[in-house]
Amino acid sequence: MRDFNLAQETCQLAIRDVGGLEVLINLLATDEIKCKIGSLKILKKISQNSQIRRAIADLGGLQTMVCILDSPDKELKCLSAETIANVAKFRRARRTVRQHGGIKRLVCLLDCVPDSAALTVEQERDVEVARCGALALWSCSKSTRNKEAIRRAGGIPLLARLLKSPHENMLIPVVGTLQECASEKSYRVAIQTEGMVEDLVKNLSCDNQELQMHCASAIFKCAEDKRTRDLVRHYAGLQPLVSLLGKSENKQLLAATTGAIWKCSISMENVAMFKEYKALEILVGLLTNQPEEVLVNVVGALGECAQQPANRTTIYKSGGIPPLVNLLTGTNQALLVNVTRAVGACATEPENMAIIDRLDGVRLLWSLLKNPNPDVQASAAWAICPCIENAKDAGEMVRSFVGGLELIVNLLKSNNGEVLASVCAAIANIAKDEENLAVITDHGVVPMLAKLTNTTDDKLRRHLAEAIARCCMWGSNRVAFGEAGAVAPLVRYLRSKDPSVHQATAQALFQLSKGPNNCITMHENGVVKLLIEMMGSTDEVLQEASAGCVANIRRLALANEKARYS
């Protein structure tokens, strides 16, 4: 049978169609080692075919192969593990391997002396067994339960030891398994603590693009954590990542590399090094003609880097603003979240804002408030804030969006805390223009803001208080906030541990204290003692607002006393 070309689909299916699979699987149950080896050599080759894989699983072949992993014969163990690696490419097969004790047995295969210059023949065979075990675990690790089973079976330290191997054929399945498992927090912590980051960084500079991709992908998943980001920098991993951007023809490698750069750039120390390595200019060049999985990461990295003013200028000079604005018309949700953040960060520079405005970027951001995804809504609303702050005639620009103000006010009905906080921040900016404040008042912004005041979320509290302070500036809104019950909850905000909440709240209370009934409510809720404490703050805005509010309450009290005795 092995004389046929077993890599050819016609031969593979012919074996199945004449009942050959049943015979080959039955041979695995014999006591004759040569029969098992011959059968597995054929099964290993033909199980590259997805139909054959399912047929082997249906015939109970996996259970027999798992039992063969206990055999003392090393060649047999290798063939069995490699065939399991092929068959376990679909969920039911992976579950079968786990349920029949296959994960524990495969982890045991990893226990060998790591490669060194002087290995005996027997040790070399052990290394090959470990490689085959790692291949099978790589296939099995695509299942969440199997990841946990590998960890419980003691797989992590053994994988860490094999990661020291100098051989790429060993490293690829080992790093492949690790990057697959890095979606679980327990593995991300272990990769950090077992010293694996150094090995991952080292292999970024190898010649094998598949290995480079798995290393970059593992860093991508692990670099959510600050400690890992610091370790990548410590082991000089940032420059190799930037160098890999040059291999842009390999899209899988590019996606993993840009992902690793994105997550590493969450740390500003890393951003400073990326700037030095001219990474921003390369990333801007990748904003066009790339698959979405690459674009999500490129834009994510630019959004992080754009938190620093100098980098916003670099993005502008490299021609990055127009392609970023163009991406606002896409439909990929993750990409929209990242691109709105990047555009918002860039909009804090006047020269960038001029381009965003000219390309109708603010209208595009506003239209994303209709997106059903709350993450996109929130990110768009946050981006609108700096656009309003830095646009030349912001009030007129906002009014030009037909139905735009009603749309943003209606988002105050959202159940998502981040959407509410971002919309409150946007409303605080919109309300700086008197005409727009009048329009949002007509759309019922006051009762809607008042309804949110019982929140305990400090981020929402801060922006809600800012919005209330701004909205007090029109008509009888101060009185309306009081009647809607917004005053007493705001007093409680002064007990928050977040200083930014204190400043916004004191400003809101100062505006509200210009209404006599609001002063009475504040006094009844013990605001004076809290404000006197705030007056001792080093924050001048907080001091002034607190003192102004206390002064208004005092004036009302004096006026009442005067009225009583006159």
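**Reading the terms of a predicted model**

Trainee: Why does Ser537 count as buried?

Mentor: In this predicted model, Ser537 has a relative accessibility of 17%. Buried means under 20%, so Ser537 counts as buried. Its place is in the loop between α38 (527–534) and α39.

Trainee: Which residues does Ser537 touch, not counting those up to four places away in sequence?

Mentor: Ser537 touches Leu542 and Gln543. The word "touches" rests on heavy atoms lying within 4.5 Å.

Trainee: What makes Asn289 exposed?

Mentor: The relative accessible area of Asn289 is 77%. Exposed means over 50%, and Asn289 is therefore exposed. The residue is found in the loop between α20 (279–285) and α21 (292–305).

Trainee: Why is Asp360 called partly exposed?

Mentor: Asp360 has a relative accessible area of 36%.

Trainee: Which residues of helix α7 are buried, and what covers them?

Mentor: In α7 (residues 91–99), the buried residues are Ala93, Arg94, Thr96, Val97 and Arg98. Their cover includes α5 (61–68), α6 (74–87), α8 (102–109), α9 (121–140) and α10 (144–152). After α7 comes Gly101, with a positive phi near 75°.

Trainee: What makes the crossing of α16 and α19 one that can be described by an angle, a distance and a hand?

Mentor: Helix α16 (residues 226–234) and helix α19 (residues 268–276) pack at an angle of about 35°, and their axes are 10 Å apart. The crossing in which α16 passes α19 is left-handed. That name applies because the near helix is turned anticlockwise from the far one by less than a right angle.

Trainee: Which residues meet there, and how are they classed?

Mentor: Lys226, Arg229 and Arg233 in α16 meet Glu269, Asn270 and Met273 in α19. By class, this contact has one nonpolar, one polar and four charged residues. Lys, Arg and Glu count as charged, so Lys226, Arg229, Arg233 and Glu269 are the charged residues here.

Trainee: How much space lies in the largest pocket, and which residues are closest to its centre?

Mentor: The largest pocket holds about 760 Å³ of space. It is lined by 33 residues, of which Glu389, Ala425, Asn429, His463 and Glu466 are the closest to its centre.

Trainee: Which helix gives the most to the lining of the largest pocket?

Mentor: Helix α27 gives the most, with eight residues. Helices that each supply at least two residues are α24 (333–346), α27 (374–390), α30 (417–430), α33 (458–471), α36 (499–512) and α39 (540–565).

Trainee: What classes of residue does the lining of the largest pocket have?

Mentor: The lining has 14 nonpolar, 10 polar and nine charged residues. Glu counts as charged, so Glu389 and Glu466 fall in the charged class.

Terms used:
Residues are numbered from 1 along each chain as its sequence is written. This is a predicted model: local features need pLDDT of at least 70, side-chain atom pairs count only at pLDDT 80 or more; totals for chains, interfaces and linings use all residues. Side-chain values use heavy atoms; hydrogens and water are left out. On a 1 Å grid over the protein atoms alone, a cavity is a set of points where a 1.4 Å probe fits but cannot get out, and a pocket is an open set with protein on both sides within 12 Å along at least five of seven lines; lining residues have an atom within 4 Å of a point. Grid points are joined across faces, edges and corners, and a volume is the space filled by probe spheres set on the points. Helices (H or I, at least four residues) and strands (E, at least two) are DSSP runs, numbered from the N terminus. Axes are lines fitted to C-alpha atoms, for helices over the stretch in contact, and angles run from 0 to 180 degrees between N-to-C directions. Buried means under 20% relative accessible area, exposed over 50%, partly exposed in between (1.4 Å probe, protein chains only).
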